[in-house]
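Hello,

Here is the structure you are taking over. Please open it first, then read my notes below.

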Amino acid sequence: QVHLVESGGGSVEVGGSLRLSCATSGFTNSPYRMAWFRQAPGKDREGVAALWDGVGSTTYASSVQGRFTISQDNTHNTLDLRMNSLKPEDTAIYYCAAGETRLLDDDDYLDPIRWAYWGQGTQVTVSS
């Protein structure tokens, strides 16, 4: 079975930084695509950042572009999300996701319905 395990969440002050990591297992080959999503209480899950095609392509939600950086270590099948200049609206449970197929449009990589494999999430809290 495929397993994704997030780590690195915590509480930070406005303007602070965090680095999230996702460890994967159970894939015959490294996943074709991976992404970070987040979900705040009472809100829908939203895409944060994704990478695919041998990490040759990335996309970011406009709300985090310039502040967050997604990267992958294929040697150990891990995915990182470096978050800088954190804001209260970044508070959410952050989920790691993986997939084995390409998607039609870049925007699809930030659509949670397109993803089959999920971790259990890690809480990020940004206090004001």
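**Aromatic rings and their neighbours**

Y95 is buried, with 11% relative accessible area; buried means under 20%, exposed means over 50%, and partly exposed lies in between (1.4 Å probe, protein chains only). A word on the basis: this is a predicted model, in which local features need pLDDT of at least 70, side-chain atom pairs count only at pLDDT 80 or more, and totals for chains, interfaces and linings use all residues. Residues are numbered from 1 along each chain as its sequence is written, and side-chain values use heavy atoms, with hydrogens and water left out.

The structure has five aromatic pairs. Rings of Phe, Tyr and Trp (its six-membered ring) pair if their centres lie within 6.5 Å; planes under 30 degrees apart count as stacked, over 60 as edge-to-face, the rest as tilted. One of the pairs is W52 with Y109. It is stacked, because the ring centres are 3.7 Å apart and the planes stand at 5 degrees. W52 lies in strand β5 and Y109 in the loop between β9 and β10, 57 residues apart. Strands here are DSSP runs (E, at least two residues), numbered from the N terminus. W52 is buried at 6% relative accessible area, and Y109 is buried at 1%.

Y95 and W118 make an edge-to-face pair, 6.4 Å from centre to centre and with 85 degrees between the planes. This pair also links distant parts of the chain: Y95 is in strand β9, W118 in strand β10, 23 residues apart. W118 is partly exposed, at 23%. Ring pairs join F37, Y95, W115 and W118 into a cluster.

Two arginines sit over rings of that cluster. The rule: NZ of Lys or CZ of Arg is within 6 Å of the ring centre and within 35 degrees of the ring normal. The charged end of R33 is over W115, 4.5 Å from the ring centre. The charged end of R45 is over W118, at 4.7 Å.

**The strands around W52**

Strand β5 covers residues 46-52, and six of its seven residues are buried. Strand β4 (residues 33-39) runs antiparallel to β5, joined by six bridges; two strands count as paired if DSSP finds at least two bridges between them. R33 stands opposite W52 in this pairing. The hairpin of β4 and β5 has six residues between the strands, and G42 takes a positive phi near 80 degrees there.

On β6 (residues 57-60), β5 has an antiparallel partner with four bridges. There W52 stands opposite S57.

Which order do the strands of the open sheet take? The order is β1-β3-β8-β7, with antiparallel pairing. β1 (3-7) and β7 (68-73) are at the edges with a single partner strand each, so one side of each has no neighbour in the sheet. Neighbouring strands are turned by 15 degrees against each other on average, direction ignored; the axes are lines fitted to C-alpha atoms, and angles run from 0 to 180 degrees between N-to-C directions. β3 and β8 (residues 78-83) pair over six bridges. S21 stands opposite D80 in β8.

There is one disulfide, defined as a pair of cysteine sulfur atoms within 2.5 Å. C22 and C96 form it, with sulfur atoms 2.1 Å apart. The link is left-handed, with -80 degrees about the S-S bond. C22 is in strand β3 (residues 18-25) and C96 in strand β9 (residues 92-99), 74 residues apart. C22 is buried at 1%, and C96 is buried at 0%.

**Salt bridges**

How many salt bridges does a search of the whole structure find? It finds five, where a salt bridge is a side-chain nitrogen of Lys or Arg within 4 Å of a carboxyl oxygen of Asp or Glu. R38 and E46 meet at 2.8 Å, N to O. R38 is buried at 5%, whereas E46 is partly exposed at 34%.

R114 has two partners, D108 and D111. The N to O distance is 3.9 Å to D108, and the closest N and O atoms are also 3.9 Å apart for D111. R114 is partly exposed at 41%. D108 is buried at 12%, and D111 is partly exposed at 26%. Elsewhere, salt bridges that share partners join R38, E46, R67 and D90 into one network.

Best wishes
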